[in-house]
Amino acid sequence: MTAIALIPLTVWFLASVITLTGRDHAGVVTWLRTPSATICMVLLLVALFYHMALGLQVVIEDYVHSGARFPVLIAIRLGCFALAVTGIVVTLRISLGG
Amino acid sequence: MKTIASRRRPLSPNIQIYRPQLTSVLSIVNRVTGVVLSAFAVFLVIWLSAAATGPQAFATVQSVIGSWIGQFLMIGGVFSFFMHLCGGIRHLFWDAGYGFHLRTIYASGWAVVIASFLLTGATWALSTYMAG
C-alpha cells in the first residue's frame, strides 16, 4: 500500500527537485508554500517513513537474531516516527509561517 | 549396503559458493537500495529543516549537495531510487499474480536494470540543464 502511494509521490518529489535545481532558499520556500506542494510533501513524509519502518523491520528480523533484535526494532519504529513528525512540522512551519 | 550416515547427502546452497544470478542479485539489490534510501530519507528531513531554519542554514546544506562528493552521493541516491522504484513495480506485478514465467522474470529483471540506468542519466541531464 505504501509502495503504491510512493510511486507518484516520489516521482513528484524528484521532478520538483529537478526543476528547483539552482534555485535559492526563497525559491524553494515559495515552491513548498504552494498548497499542492505542502500536501504532497506531508503525504510523501507519511508514506515514506511508514514504508521505511516496514522495510527496515524485515531486514532486522532477517539478520539480527540476538537479544539486540527487540530494542533495535523499537528504535527503528520510534526513529521513523520521529523523522516523519519532524519533517511534517518543519514543512508546515515553512508553509504556514509568516 | 551404505548406511544413511555415510551416504553423500545434498548440502543446502550456501550464499558464498552460490553462482550469482540476475534474480538473486536483484533481490539483494532491492534490499540494499532500500537501506541506502533510508539514509537519503533522513537527509530529506535535514534538508527541509534547513529550509525552515533560514537562508544561511539552507545554503550550507545546498553547498554540501553541490560539492563533488555531494553530487556523487546524489547520483548514487537517484540510481538507488530508480532501482528500488523499478524493482518495487516488478514486485507489485508479482503481488498481483503476473510475470512469473521464467523468461518474463529475466526480461523484467533486465528491464529494471536498463531503465534505472537510463532514468538516472535522464535525471542527471535534466538537472544539469536546469542548473544552466
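Chain B exposes about 9000 Å², of which carbon and sulfur atoms supply 71%; such accessible areas come from the Shrake-Rupley method with a 1.4 Å probe, and for residues only the protein chains shown count as cover. This is a predicted model in which local features need pLDDT of at least 70, side-chain atom pairs count only at pLDDT 80 or more, and totals for chains, interfaces and linings use all residues. Residues are numbered from 1 along each chain as its sequence is written, chains are lettered from A and ligands numbered from 1 in the order in which they are written, and side-chain values use heavy atoms, with hydrogens and water left out.

Chain B has four helices and zero strands, where helices (H or I, at least four residues) and strands (E, at least two) are DSSP runs, numbered from the N terminus. The C-alpha trace of chain B spans about 85 × 30 × 25 Å along its principal axes. Of its 132 residues, 30% count as buried; buried means under 20% relative accessible area, exposed over 50%, and partly exposed in between (1.4 Å probe, protein chains only).

Over all chains, the structure holds seven aromatic pairs. Rings of Phe, Tyr and Trp (its six-membered ring) pair if their centres lie within 6.5 Å; planes under 30 degrees apart count as stacked, over 60 as edge-to-face and the rest as tilted. Two of the pairs are listed here.

| Pair | Centre to centre | Between planes | Class |
|---|---|---|---|
| A:Trp12 and A:Phe13 | 6.4 Å | 55° | tilted |
| B:Phe81 and B:Phe82 | 5.1 Å | 55° | tilted |

A:Phe13 counts as buried because its relative accessibility is 18%, whereas A:Trp12, at 21%, counts as partly exposed.
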